[in-house]
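Here is my note on the model below, as numbered points. Please read it with the coordinates open.

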Amino acid sequence: MERICPPSRYPSILLRRLLLLTYRRTVTVEWGHCDPNGIVFNPHYYAWFDAALHGLMKSIGLSIPRMMAEGDIDGLPLAENRTKFVLPARQDDELTIETT
């Protein structure tokens with residue numbers, strides 16, 4: 001049986017808190033995030049999602065790089081994505097990335 005995090009290092013209480021926690025990160029769209037049409041190039045969203053995940057983990061005391069260095073995990077791959085792009089984001093827009 002495989003475990004994501006050994007209980008001895010990362011108590012189950014922390015994992016339960018992670019499941020109930022919501023983390024918000026505000027991003028200001030900059031010129032370099034935009035394509036020639038002036039809207040955000042979609043791959044930038046995934047970098048922002050990843051940064052929000054790292055922030056969520058850090059907010060409860062878990063460090064993905066430390067967990068990787070200690071051999072507990074090989075990384076956190078994006079296994080499923082349900083992003084729906086409703087409106088384009090443009091330069092100087094402020095976006096809130098919410099991770100739960």
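1. Terms and basis. Helices (H or I, at least four residues) and strands (E, at least two) are DSSP runs, numbered from the N terminus. This is a predicted model, in which local features need pLDDT of at least 70 and side-chain atom pairs count only at pLDDT 80 or more, while totals for chains, interfaces and linings use all residues. Residues are numbered from 1 along each chain as its sequence is written, and side-chain values use heavy atoms, with hydrogens and water left out.

2. Overall layout. The protein has three helices and two strands, in the order α-β-α-α-β from the N terminus. Of its 100 residues, 25% are buried (buried means under 20% relative accessible area, exposed over 50%, partly exposed in between; 1.4 Å probe, protein chains only). The accessible surface is about 7,500 Å², and carbon and sulfur atoms hold 54% of it (Shrake-Rupley method, 1.4 Å probe; for residues, only the protein chains shown count as cover). Among contacts with a separation of 6 or more, 76% join residues 24 or more positions apart (contact means heavy atoms within 4.5 Å).

3. Nonpolar cores. A nonpolar core is a set of buried Ala, Val, Leu, Ile, Met, Phe, Trp, Tyr and Cys residues joined through side-chain atoms within 4.5 Å. The largest has ten residues: Val27, Val29, Cys34, Val40, Tyr45, Trp48, Ala52, Ala89, Leu95 and Ile97. Both α2 (43–59) and β2 supply at least two residues of this core, and α2 gives the most, with three. Apart from this core lies another, of six residues, including Met57, Ile60, Leu62 and Ile64. Leaving aside residues up to four places away in sequence, Val27 touches Trp48, Asp93, Glu94, Leu95 and Ile97.

4. Helix α2. How does the end-to-end distance of α2 agree with 1.5 Å a residue? The 17 residues of α2 should span 24 Å, and the end C-alpha atoms are 25 Å apart, which agrees (the expected span is 1.5 Å times one less than the number of residues). The buried residues of α2 are Tyr45, Trp48, Ala52, Gly55, Leu56 and Met57. Gly61 follows α2 and has a positive phi, near 90 degrees.

5. Aromatic rings. The whole structure contains four aromatic pairs (rings of Phe, Tyr and Trp, the last by its six-membered ring, pair if their centres lie within 6.5 Å; planes under 30 degrees apart count as stacked, over 60 as edge-to-face and the rest as tilted). One of them joins Tyr45 and Phe49, a tilted pair at 6.5 Å centre to centre with 40 degrees between the planes. Tyr45 and Phe49 are four residues apart in helix α2, so about one helical turn separates them. Tyr45 is buried at 10% relative accessible area, whereas Phe49 is partly exposed at 28%. Ring pairs link Tyr45, Tyr46, Trp48, Phe49 and Phe85 into a cluster.

6. Asn42. This residue lies in the loop between β1 (23–28) and α2, and is partly exposed at 36% relative accessibility. Asn42 and Phe85 are 43 residues apart in sequence, with their C-alpha atoms 8.8 Å apart.

7. Salt bridges. There are three salt bridges (a side-chain nitrogen of Lys or Arg within 4 Å of a carboxyl oxygen of Asp or Glu). Glu98 pairs with Arg24, the closest N and O atoms being 2.9 Å apart. This pair links distant parts of the chain, with Glu98 in strand β2 and Arg24 in strand β1, 74 residues apart. Glu98 is partly exposed at 47%, and Arg24 is exposed at 52%. Another bridge joins Glu70 and Arg66 at 3.5 Å, N to O; Glu70 is partly exposed at 36%, and Arg66 is partly exposed at 36%. Glu80 and Arg82 form a bridge at 2.6 Å, N to O, and both are exposed.

8. Not counting residues up to four places away in sequence, Thr99 touches Leu21, Thr22, Tyr23, Ala52, Leu53 and Leu56. Asp92 sits in the loop between α3 (64–69) and β2 (94–99). Most residues other than glycine have a negative phi. Asp92 has a positive phi, near 75 degrees, and is exposed, with a relative accessible area of 58%.
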